[in-house]
Amino acid sequence: MPTKPEILSSSPTGRSEVVLDIDQLAVHFQLQGGALSRLFGLKARRVRAVDGVSVSLKRGEVLGLVGESGSGKSTFGRALLGLVPATDGRITYHSQDRGERRVSEMRGAELRQLRTDLQMVFQDPHAALNPSMTIEEAVGHPLVIHKIASGKALKTQVAAALERVGLSPVERFLPKYPSDLSGGQKQRAVIARAIILNPEVLVADEPVSMLDMSVRAKILQLMLDLKQEMGLTYVYITHDLASAKYFCDRIAIMYLGRIVEIGPTAEIFENPRHPYTKALLKAIPEPDPDRMVPRDLPRGEIPDAAEPPLGCSFHPRCAEAIEGCGWESRDLRTLIEEHWTRKVEAYDDEKAVIGDLGSLDQPSTTARIGAGGAGQVRALLDRIKAEKPDEPLWKGVRDIEDAGNAVEVHFVPADAPKLRRAGGVDVACVLYPDES
Ligand SMILES: Nc1ncnc2c1ncn2[C@@H]1O[C@H](COP(=O)(O)OP(=O)(O)OP(=O)(O)O)[C@@H](O)[C@H]1O
């Protein structure tokens, strides 16, 4: 198998440094809902899986995408290969050999070529391999599909790829079926299949998370060796910051479809800026039981990507939130319900004063609540505030206005913060003034 020079100093594009340039990429999924939903006039929901991501991938680097489940990492990775269409924005691929092309404009042969230059390694090696194909057939499959090799040449290339990923003696592995191999061996075979077309970029989506602890480091080391030998560039998708620290040159922290912090790995670990990054770092398990640190996982669950919080989408879970983070009606509902979990005995009377909370589910910086008179609602809100006066939501209340039997709580409106320069990283958080 021919190898590529590790880093080219020039290329036909004149832009050898950048392999992929992603500009304001958005991938939204329209959820149609069933016939019943339409009958009852429920509006179709739109999941903003990726929502305005800009990042450039330099040749030879390992970029980590880290975030909780549902943050949009896999969708982003799939969009790079054109496996899901971009709703908005641009992905430009700077091929060493074929110049600069927008992924969204590629069709037919060009798209097929992209999918040889960019390969994906998935989480579950067992699902990625056809159980009825031998390892020889599976690893050689891309060469057959693309009509690149057959017969003896095919076998030679498959053997070389297996050798390269450490599945040797090769003759022992060629006739085996996936079920004959261990998890680590299967992932090696998947990697052999991914590199057999000599790609430029590997998008590795949780490549070790389903493997035994004992083989994870070995597979990551294999990938680093391959990167060195073949001049590969990686996008490494994971929810595991500890492995990203070991593996990545740069890390992008994703939350609800956006990058909230991006910078060199050392800088992210030594001096995290975004409260979400800090919380993720604190949540890394400490292998030494004597040095166990208290966990500080963000409160609550990751919100619904179809109706993300207003302003900074992390604000409802943020330990450092301030007034300008985008407080809104749904936060008030959460606060009132939390109050009732503490004061169960007050629920019946207070519910009569507050009325139906359903209207608070519509995201808005104006929350109208109350059925039992504005004065009573105000008094109840005061009681709730007195229980936890430091609750950051109250800092985001601009004013409370009487509105008949109800009150209107007006919150300080806020846009989602954009990435801004802060020290050695870029961070999307209002706590950091833009240094640039
Ligand atoms: N084909 C699809 N149709 C509708 N919604 C989707 C589709 N694919 C992903 N989503 C939604 O998009 C959001 C992002 O999902 P994605 O799988 O990209 O996140 P992730 O960070 O990779 O999570 P995980 O680690 O669980 O794979 C989620 O809310 C998910 O439910």
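How many C-beta neighbours does Leu-256 have inside 10 Å, and does Leu-256 count as buried or exposed? With 25 C-beta neighbours inside 10 Å, Leu-256 counts as buried. A residue is buried if 20 or more other C-beta atoms lie within 10 Å of its own, exposed if 12 or fewer, and partly exposed in between, with C-beta atoms placed from the backbone.

## The model

This is a predicted model, in which local features need pLDDT of at least 70 and side-chain atom pairs count only at pLDDT 80 or more, while totals for chains, interfaces and linings use all residues. Residues are numbered from 1 along each chain as its sequence is written.

## The chain as a whole

The protein chain has 436 residues, and 38% of them count as buried. Its C-alpha atoms fill a box of roughly 85 × 55 × 50 Å, taken along the principal axes. There are 15 helices and 15 strands. Both are DSSP runs numbered from the N terminus: helices (H or I) have at least four residues, and strands (E) at least two.

Two residues are in contact if their C-beta atoms, placed from the backbone, lie within 7 Å. Among contacts with a separation of 6 or more, 67% are between residues 24 or more positions apart. The domain assignment gives domain 1 (61-81 + 109-268) and domain 2 (327-411); such bounds come from an automatic or database domain assignment. The C-alpha centres of domain 1 and domain 2 lie 50 Å apart.

## The eight-stranded sheet

Eight strands form an open sheet with mixed pairing, in the order E6-E7-E8-E3-E9-E10-E15-E14. Two strands pair if DSSP finds at least two bridges between them. The edge strands, E6 (118-121) and E14 (420-422), each pair on one side only. On average, neighbouring strands of this sheet are turned by 20° against each other, direction ignored.

Strand E3 (62-66) is mostly covered, since five of its five residues are buried. Val-62, Gly-64 and Val-66 point one way from E3, and Leu-63 and Leu-65 point the other way. E3 pairs with E8 in the parallel sense over five bridges, and the bridge partner of Gly-64 in E8 is Tyr-236. Four bridges join E3 to E9, and these two strands also run parallel. In E9, Gly-64 stands opposite Ile-251.

Strand E9 (residues 250-255) and strand E10 (residues 258-264) pair in the antiparallel sense over six bridges. The bridge partner of Ile-253 in E10 is Glu-261. Leu-256 sits in the loop between E9 and E10. Its phi is positive, about 45°, although Leu-256 is not a glycine.

## Helices on the sheet

Helix H2 (residues 73-80) lies across E3, E6, E7, E8 and E9, and runs at about 155° to E8. Angles run from 0 to 180 degrees between N-to-C directions, and axes are lines fitted to C-alpha atoms, for helices over the stretch in contact. Helix H12 (residues 275-282) packs on the sheet and touches E9 and E10, with its direction at about 105° to that of E9.

In H12, Pro-275, Tyr-276, Thr-277, Ala-279 and Leu-280 are buried. The buried residues of H12 pack against helix H10 (241-247), E9, E10 and helix H11 (265-270).

## Around the ligand

The ligand is surrounded by 13 residues, and the closest are Phe-29, Ala-49, Ser-69, Ser-74 and Thr-75. A residue is near a molecule if its C-beta atom, placed from the backbone, lies within 6 Å of it. Strand E2 (45-58) and H2 are the elements that give two or more residues to this shell. H2 gives the most, with three residues.

The shell divides into four nonpolar, eight polar and one charged residue. Here Ala, Val, Leu, Ile, Met, Phe, Trp, Tyr, Cys and Pro count as nonpolar, Asp, Glu, Lys and Arg as charged, and the others, Gly among them, as polar.

## Loops around H6

Lys-147 is found in the loop between H5 and H6. Its phi is near 55°, a positive value in a residue other than glycine. Lys-147 is exposed because 7 other C-beta atoms lie within 10 Å. Ser-150 has its place in the loop between helix H5 (135-145) and helix H6 (151-164), and Ser-150 is exposed, with 11 other C-beta atoms within 10 Å.

Pro-169 lies in the loop between H6 and helix H7 (170-173). The peptide bond from Ser-168 to Pro-169 is cis, with omega near 5°.
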